[in-house]
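Student: I've got a model open and I'd like to work through it with you. Can we look at it together?

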Amino acid sequence: MTWRFETDPDFQEKLDWVDRFMTEEVEPLDFVIEYAWDIHDPASRILVPPLQEKVREKGLWACHLGPNLGGPGFGQLKLALLNEVLGRSPHGPIVFGCQAPDSGNAEILAHYGTDEQKKRFLEPLLRGDIVSSFSMTEPRGGSDPTGFSTAAVRDGDEWVISGEKWFSSNARYADFLIVLAVTDPDAPPHQRQSMFVVPVDTPGVEIVRNVASFGHTTADHGYIRYDGARVPADALLGDVGGGFAVAQTRLGGGRIHHAMRTVSLVKRAFEMMCERALSRQTKGTTLANLQLVQAMIADSWIQMEQFRLLVLRTAWRIDKFDDYNKVRADIAAVKAAMPTVLHDVASRALQVHGSLGVSEEMPFGEMIMESYRMGLADGATEVHQVNLAKQLLRHHEATAELFPSGHLPTLRAQAEAKFAEQLAGLER
Ligand SMILES: Cc1cc2nc3c(=O)[nH]c(=O)nc-3n(C[C@H](O)[C@H](O)[C@H](O)COP(=O)(O)OP(=O)(O)OC[C@H]3O[C@@H](n4cnc5c(N)ncnc54)[C@H](O)[C@@H]3O)c2cc1C
């Protein structure tokens, strides 16, 4: 039997160290550095690199990567347990070198990049010297990438990129963008586009404006215009027409990593809710003694644990199959479940905190907004529900019979026919 729900003691020791390090060194950064991905922020330049050094010394840098790329190659299950701790602070992944979108961008550069691309873009990205941005969504719509119109036209030894992209996170801090563009409009829909690595300072790349997510003080999502931006022929990442294949390589990992970190936000909301319920008095007793509050706590724990187990099982299946195609349904399920769990638990935690809960002095409003962001980033929830249902239905068949195969009178008649001989003569 291999069903186990416990962590190896030696890895637990690492998790305990990470837990202390996060509480004492990393989480306080959130109050003095405005935005974790802004590695050029003067406070970040002073405070973050020494912590990253400590993480390297502990052998915990870039835990999403295998040893060939300078990571420890823990696999996704251990990464899930680690991300459950790192997700408590936006600085967690930055200090440990596994932040989105850079982790996904590094994955595709490692997989598809030329030696030159790896040297110029991947190596400094893995060292944490630079950050990157993924530029795919367009102002006219993101859920249907076959409708994107940003185009790259070959001109001699160069590609010329024109069009607009929307919500390219962290573009303002990035050194390079990974851009999806149409290279053959007449090809079948999933072979029309290709991926390019574009330095941000390429003439013709203009950040029209940086858009803030509601409630954030910094505007971190780039609305970008590519106006005849010329890049050399070898800026292509992967094959011509292979843009979708490259995107899928990155998005599978990205989605499950978001979910791993979301587990920690849910846990945090749950812990705060329990503490408040036990501390706050009303009518001579604590909130914890009120049954409607108890129901909120019970429902939250059930949702949290169901989600966590789904995430861990999915991580385990990624390790087992080593092929994202075999776990597409699992990842779609995790992605679709994530916003609701975070939304529900954070909302109940807010409610239990009363007026303090809705105030800016507590993090619940931000957590609830994060649940909406998680329902869109890397694809809208509905798209994942549809994909999940399609994949699940492949394992089922229609019946040609008049009644469904679970029809009770039909099953009873079959059972009676099967046992007719043995039961003959019994009074029933
Ligand atoms: C925090 C955050 C960070 C992001 N970062 C990036 C980034 O770095 N790079 C990047 O390229 N993009 C990024 N995005 C954009 C993200 O990929 C898109 O928001 C997402 O793909 C949805 O596209 P859209 O916003 O255009 O919504 P639309 O495609 O307009 O969809 C709107 C709504 O319509 C419904 N809908 C759409 N299609 C279907 C369907 N097939 N079935 C049922 N309902 C449907 C859903 O309710 C959906 O929410 C980010 C988004 C967020 C919120």
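Predicted model: local features only at pLDDT ≥ 70, side-chain atom pairs only at ≥ 80, totals over all residues.

Student: Okay, is Phe167 buried or exposed?

Tutor: Phe167 lies in strand E3. The cut-off for buried is 20 or more other C-beta atoms within 10 Å. Phe167 has 21 C-beta neighbours inside 10 Å, so it counts as buried.

Student: And what is the phi of Phe167 near?

Tutor: Here's the background: most residues other than glycine have a negative phi. Phe167 isn't glycine, yet its phi is positive. The value is near 65 degrees.

Student: Where does Asn170 lie, then?

Tutor: Asn170 also has a positive phi, near 70 degrees. Asn170 is buried, because 24 other C-beta atoms lie within 10 Å. As for its place, Asn170 lies in the loop between E3 and strand E4 (176–182).

Student: Which peptide bond is cis?

Tutor: Most peptide bonds are trans. For this one, go to the loop between helix H4 (91–95) and helix H5 (102–112), where you'll find Pro101. With omega near 0 degrees, the cis bond is the one from Ala100 to Pro101.

Student: Now the ligand: how many charged residues does the shell around it have?

Tutor: Domain 2 (132–240) and domain 3 (245–393) each give at least three residues to that shell. Among the residues that come nearest to the ligand are Met136 and Glu382. By class, the shell has 9 nonpolar and 9 polar residues, and the charged ones number 2.

Definitions and conventions: Residues numbered from 1 in each chain as written. Near = placed C-beta within 6 Å. Nonpolar A, V, L, I, M, F, W, Y, C, P; charged D, E, K, R; others polar. Domains from an automatic or database assignment. Helix = DSSP H or I, 4+ residues; strand = E, 2+ residues; numbered from the N terminus. Buried ≥ 20, exposed ≤ 12 C-beta atoms within 10 Å, placed from the backbone.
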